[in-house]
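Thanks for coming. I have a few minutes on side-chain pairs in one model, so please look at the screen.

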Amino acid sequence: MDTIQTSPHDATAPKIERVRHELKRRSLVVTDAERITPGMLRLTLSGEDLADFVSLGADDHVKIIVPAADGTEERRDYTPRRYDSAKRTLVIDFALHEAGPITQWAMSARPGDVLNIGGPRGSAVISNVERWLLIGDETALPAIGRRIEEAGAAARITSIAAVADPGEQQTFDTRAALTCHWAYRPLGEATDASALLAVLRTVEIEPDTFVWVAAEASVTRAIRAHLTEERGYPLRWIKASGYWVKGKADSTEKFE
Ligand SMILES: Cc1cc2nc3c(=O)[nH]c(=O)nc-3n(C[C@H](O)[C@H](O)[C@H](O)COP(=O)(O)OP(=O)(O)OC[C@H]3O[C@@H](n4cnc5c(N)ncnc54)[C@H](O)[C@@H]3O)c2cc1C
């Protein structure tokens, strides 16, 4: 493990420490498959290869690797939702959608199936933050849930998550003070930011709140524009990512 970059730090700035990990491919076995909601599939993976698994950031990602029809491999980013290296277990939540080789593989996965993963290559560890605003769609819920569950008692967290309907709401165990908002829109309208924006407009953002955003790229862009242009919120307190791009397989977008 190797710290490679630390953001400028003063008393009121969030501190973001980037830690690099040895890149490793691990071969795991599916030990449980459970629909935690109709649209969210949770796979529990186990294996000795997890003995040295490290993921320090709630929004870390691993590469899920599955065989492609042409003999190559498909790889996509997924969040380590929860892990226990002593027990050699790793939990990944898959937001189900119609197309996509990883989603198809996950939907047919059964206990005993083998899954290869790569990484995480690195972690972004955010500290010096007590107030959080976490905004995202179904693909962001694993990172949002992990951030909420790992937070300490001093943290105050507000989340705004876009899901299809109340049946997709999740509950989180946390020591933090937590307010969850749910924005409903059909999955087919996952590129329409209006449901999230309508809720966001009702939420006051106190100074020194770290705002984390992840959703389909155009939705992330719209939310980021609302924060910076309409509300004048400072960029150094925002981390925004496009976790997928409508109509493009294997695509993500970073917003600096
Ligand atoms: C850092 C990071 C962490 C992530 N963590 C998670 C996670 O924990 N759980 C999770 O479910 N996803 C997560 N994602 C998103 C996931 O990587 C993408 O949704 C991925 O494209 C799914 O792969 P696929 O093989 O199913 O579809 P692809 O082959 O990549 O895409 C096929 C088609 O489906 C569309 N598509 C992709 N994802 C969705 C979606 N969610 N809804 C509707 N259409 C979609 C694409 O636009 C494309 O047209 C994360 C992404 C990033 C960047």
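**Salt bridges across the chain**

Lys24 and Asp52 form a salt bridge, with the closest N and O atoms 2.5 Å apart; the term means a side-chain nitrogen of Lys or Arg within 4 Å of a carboxyl oxygen of Asp or Glu. Lys24 lies in the loop between strand E2 (15-20) and strand E3 (25-37) and Asp52 in the loop between E4 and E5, so the pair ties together parts 28 residues apart in sequence. Helices (H or I, at least four residues) and strands (E, at least two) are DSSP runs, numbered from the N terminus.

This is a predicted model, where local features need pLDDT of at least 70, side-chain atom pairs count only at pLDDT 80 or more, and totals for chains, interfaces and linings use all residues. Residues are numbered from 1 along each chain as its sequence is written, and side-chain values use heavy atoms, leaving out hydrogens and water.

The structure holds 20 salt bridges. Another one joins Arg147 to Asp59, with the closest N and O atoms 4.0 Å apart. That pair links helix H2 (residues 141-150), which holds Arg147, to the loop between E4 and E5, which holds Asp59, 88 residues apart.

Are these two buried or exposed? Arg147 is buried, at 10% relative accessible area, and Asp59 is buried at 10% too; buried means under 20%, exposed over 50%, partly exposed in between (1.4 Å probe, protein chains only).

Ser55 is in the loop between strand E4 (40-46) and strand E5 (62-67). Ser55 is buried at 3% relative accessibility.
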